[in-house]
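I opened the model to look up its helices, its surface and a few backbone details. The entries below follow the order in which I went through them.

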Amino acid sequence: MSRQAIAKWCDMFENRCSDIDDAEREGRPLTATNSEIVARVNESILANIRVAVDKIAIKLDISHGSVHKITVKHLESSKVCA
(Lines give C-alpha, C1' and ligand atoms only; values in the text may rest on other atoms or scores of the structure.)
Protein backbone atom coordinates (compact mmCIF):
# COMPACT_ATOMS: atom_id res chain seq x y z
CA MET A 1 0.00 0.00 0.00
CA SER A 2 1.33 3.41 -0.91
CA ARG A 3 2.04 6.23 1.54
CA GLN A 4 -0.67 8.29 -0.12
CA ALA A 5 -3.27 5.62 0.50
CA ILE A 6 -2.22 5.26 4.13
CA ALA A 7 -2.33 9.03 4.65
CA LYS A 8 -5.78 9.18 3.05
CA TRP A 9 -7.11 6.45 5.35
CA CYS A 10 -5.59 8.08 8.44
CA ASP A 11 -7.12 11.42 7.52
CA MET A 12 -10.48 9.84 6.84
CA PHE A 13 -10.65 8.09 10.21
CA GLU A 14 -9.27 11.00 12.21
CA ASN A 15 -11.63 13.60 10.75
CA ARG A 16 -14.80 12.04 9.42
CA CYS A 17 -15.23 8.33 9.59
CA SER A 18 -15.87 6.33 12.71
CA ASP A 19 -17.56 3.37 11.03
CA ILE A 20 -15.42 0.58 9.61
CA ASP A 21 -18.28 -1.20 7.78
CA ASP A 22 -18.57 -0.93 4.02
CA ALA A 23 -20.70 1.93 2.81
CA GLU A 24 -23.29 1.51 0.09
CA ARG A 25 -21.67 1.67 -3.33
CA GLU A 26 -22.87 2.03 -6.86
CA GLY A 27 -22.63 -0.91 -9.17
CA ARG A 28 -24.09 -4.31 -9.62
CA PRO A 29 -25.37 -5.89 -6.40
CA LEU A 30 -24.20 -9.33 -5.35
CA THR A 31 -26.85 -11.74 -6.54
CA ALA A 32 -25.21 -15.08 -7.15
CA THR A 33 -24.90 -16.16 -3.55
CA ASN A 34 -28.39 -15.54 -2.22
CA SER A 35 -30.29 -18.40 -0.59
CA GLU A 36 -32.52 -18.98 -3.63
CA ILE A 37 -29.55 -19.49 -5.97
CA VAL A 38 -27.80 -21.73 -3.44
CA ALA A 39 -30.95 -23.88 -3.23
CA ARG A 40 -31.21 -24.07 -7.04
CA VAL A 41 -27.54 -25.11 -7.34
CA ASN A 42 -28.14 -27.77 -4.70
CA GLU A 43 -31.23 -29.04 -6.58
CA SER A 44 -29.25 -29.25 -9.81
CA ILE A 45 -26.53 -31.27 -8.12
CA LEU A 46 -29.00 -33.60 -6.41
CA ALA A 47 -30.90 -34.15 -9.67
CA ASN A 48 -27.69 -35.24 -11.43
CA ILE A 49 -24.70 -35.89 -9.19
CA ARG A 50 -22.37 -35.84 -12.22
CA VAL A 51 -23.53 -32.49 -13.59
CA ALA A 52 -20.76 -30.12 -14.67
CA VAL A 53 -20.21 -26.72 -13.08
CA ASP A 54 -20.49 -25.07 -16.50
CA LYS A 55 -23.91 -26.65 -17.14
CA ILE A 56 -25.19 -25.35 -13.80
CA ALA A 57 -23.74 -21.90 -14.54
CA ILE A 58 -25.45 -21.75 -17.94
CA LYS A 59 -28.75 -23.08 -16.57
CA LEU A 60 -28.85 -20.54 -13.71
CA ASP A 61 -27.21 -17.68 -15.65
CA ILE A 62 -24.38 -17.18 -13.15
CA SER A 63 -20.61 -17.46 -13.54
CA HIS A 64 -18.56 -20.63 -13.28
CA GLY A 65 -16.75 -19.11 -10.29
CA SER A 66 -20.02 -18.36 -8.49
CA VAL A 67 -21.19 -21.95 -8.91
CA HIS A 68 -17.86 -23.22 -7.64
CA LYS A 69 -17.94 -20.87 -4.64
CA ILE A 70 -21.50 -21.94 -3.78
CA THR A 71 -20.65 -25.65 -3.97
CA VAL A 72 -17.50 -25.31 -1.88
CA LYS A 73 -18.47 -22.69 0.72
CA HIS A 74 -22.24 -22.95 1.05
CA LEU A 75 -22.91 -26.60 0.20
CA GLU A 76 -19.55 -27.81 1.55
CA SER A 77 -19.05 -30.11 -1.40
CA SER A 78 -15.56 -30.51 -2.77
CA LYS A 79 -16.31 -32.85 -5.67
CA VAL A 80 -18.22 -31.36 -8.56
CA CYS A 81 -17.48 -32.04 -12.22
CA ALA A 82 -15.49 -29.30 -13.94
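Entry on the source. This is a predicted model, in which local features need pLDDT of at least 70 and side-chain atom pairs count only at pLDDT 80 or more, while totals for chains, interfaces and linings use all residues. Residues are numbered from 1 along each chain as its sequence is written, and side-chain values use heavy atoms, with hydrogens and water left out.

Entry on the overall make-up. I found 4 helices and 0 strands in the protein. Helices (H or I, at least four residues) and strands (E, at least two) are DSSP runs, numbered from the N terminus. Read from the N terminus, the order of elements is α-α-α-α. Of the 82 residues in the protein, 21% are buried.

Entry on helix packing. How do H2 and H3 pack? I noted an angle of about 130 degrees for helix H2 (residues 35-47) and H3, with their axes 11 Å apart. That angle makes H2 oblique to H3. Helix H3 (residues 53-60) packs with helix H4 (residues 64-74) at about 110 degrees, and here the axes are 8 Å apart. H3 is therefore roughly perpendicular to H4.

For these values, axes are lines fitted to C-alpha atoms, for helices over the stretch in contact, and angles run from 0 to 180 degrees between N-to-C directions. Angles under 35 degrees count as roughly parallel, over 145 as roughly antiparallel, 65 to 115 as roughly perpendicular, and the rest as oblique.

I also checked handedness. H2 and H3 cross in a right-handed sense, and the crossing of H3 and H4 is right-handed. A crossing is right-handed if the near helix is turned clockwise from the far one by less than a right angle, and left-handed if anticlockwise.

Entry on helix H4. Glycine 65 lies in this helix. Its C-alpha atom is separated by 8.8 Å from that of valine 53, 12 residues apart along the chain. Histidine 74 is also found in helix H4. Histidine 74 is partly exposed, at a relative accessible area of 42%. I read 8.6 Å between the C-alpha atoms of histidine 74 and threonine 33, which are 41 residues apart along the chain.

Entry on backbone angles. Which phi does aspartate 61 have? Aspartate 61 shows a positive phi of about 60 degrees, although it is not a glycine. I placed aspartate 61 in the loop between H3 and H4. It counts as exposed because its relative accessible area is 69%. Glutamate 76, not a glycine either, has a positive phi of about 50 degrees. Glutamate 76 sits in the segment after H4, and its relative accessibility of 69% makes it exposed.

Which residues make the nonpolar surface patch of about 470 Å²? I listed Met1, Ile6, Trp9 and Phe13. Patches are made of residues with over 30% relative accessible area and no salt bridge, like charges being joined within 9 Å and nonpolar side chains (Val, Leu, Ile, Met, Phe, Trp, Tyr) within 5 Å. A salt bridge is a side-chain nitrogen of Lys or Arg within 4 Å of a carboxyl oxygen of Asp or Glu. Accessible areas come from the Shrake-Rupley method with a 1.4 Å probe, and for residues only the protein chains shown count as cover. Methionine 1 is in the segment before helix H1 (3-15), and it counts as exposed at 80% relative accessibility.

How values were computed:
Buried < 20%, exposed > 50% of the residue type's maximum accessible area, 1.4 Å probe, protein only.
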